[in-house]
Amino acid sequence: MFSPQTLGFTGNYPYVPFGMNAFAALCPVKGRPREFDVDVALAAALRIFWQHGYEGASMAALTEAMGITKPSLYAAFGNKEALFNKALDLYEREKLAYMRTALDAPTSRGVAETLLRGALALQSGCDPKGCMAMNSVTCGPEAESIRTEVLKRRASSADAVIERFARARDEGDLPEGIEPVGLARHLFAILQGLALQAQAGATPEELRGLVETSLQLWPGK
């Protein structure tokens with residue numbers, strides 16, 4: 001017969017030893033299946049983070065939009081920070097897919113056009129407006145890890161564009177005196193401005209005018 005000690009209990013509190021699998025086999029407990037679609041819930045969380053930023057997205061707003069309880073959120077996604085990172089992964093994968101294909105364009109102007117038109121389509125055809133990453137980068141000290149993660153991802157994207165423009169310069173695609181770093185920063189400033197203007201209520205036609213003017217002024221071929 002098993003005693004509390006042989007089952008791994010000490011005092012009034014359970015202790016989980018390395019051999020707990022043997023005890024679990026004696027008392028199998030079937031976990032309840034999830035009563036919600038994880039992908040749908042994550043998409044709902046993405047919208048809340050996108051609209052309110054990391055700090056502005058309360059747990060109450062997240063759980064209400066996702067249609068789940070706090071314990072279900074923690075069980076499926078971890079804590080709020082882990083949920084945000086998963087939502088950011090989804091945002092980059094679905095909403096910013098054009099950024100990956102832009103680097104395959106044959107010219108620097110093609111890269112810029114793909115990025116600008118991709119951003120235009122995103123800001124003209126979806127709600128909420130603006131940039132999820134930009135909305136979350138202005139965090140307080142308690143959310144510094146979020147700011148660090150967002151900035152790290154942005155830096156990685158910028159480095160990829162800088163590298164592509166450096167190749168364009170070496171191939172003679174850019175005029176003399178145009179530096180890849182400065183050109184990439186210029187392009188990202190336009191992209192950020194596009195998102196901010198969309199968030200402030202600019203119409204698709206106004207945003208399109210910004211894109212067309214930027215492409216007309218582009219220094220490359």
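Helix α11, which spans residues 204-216 of this predicted model, comprises 13 residues and extends 18 Å from its first C-alpha to its last, close to the 18 Å expected at 1.5 Å a residue, the expected span being 1.5 Å times one less than the number of residues. Its buried residues (under 20% relative accessible area, 1.4 Å probe, protein chains only) are L207, V211, S214 and L215. Because these cover an arc of only 100° around the axis, they lie on the same side of α11, the arc being that of the directions from the helix axis to the C-beta atoms. The buried residues of α11 pack against α7 (108-125) and α10 (180-199), whereas the face turned away from the buried side carries the exposed residues E205 and Q216, exposed denoting over 50% relative accessible area.

The protein chain contains 11 helices and two strands, assigned as DSSP runs (H or I, at least four residues, for helices; E, at least two, for strands) and numbered from the N terminus. Of its 221 residues, 38% count as buried. Residues 24 or more positions apart account for 67% of the contacts with a separation of 6 or more, a contact meaning heavy atoms within 4.5 Å.

UniProt lists residues 58-77 as "DNA-binding region" in an unreviewed entry, and such annotations may be inferred rather than shown by experiment. Over residues 58-77 the chain is 80% helix and 0% strand, with the end C-alpha atoms 15 Å apart.

Residues are numbered from 1 along each chain as its sequence is written, and side-chain values use heavy atoms, with hydrogens and water left out. Local features need pLDDT of at least 70 and side-chain atom pairs count only at pLDDT 80 or more, while totals for chains, interfaces and linings use all residues.
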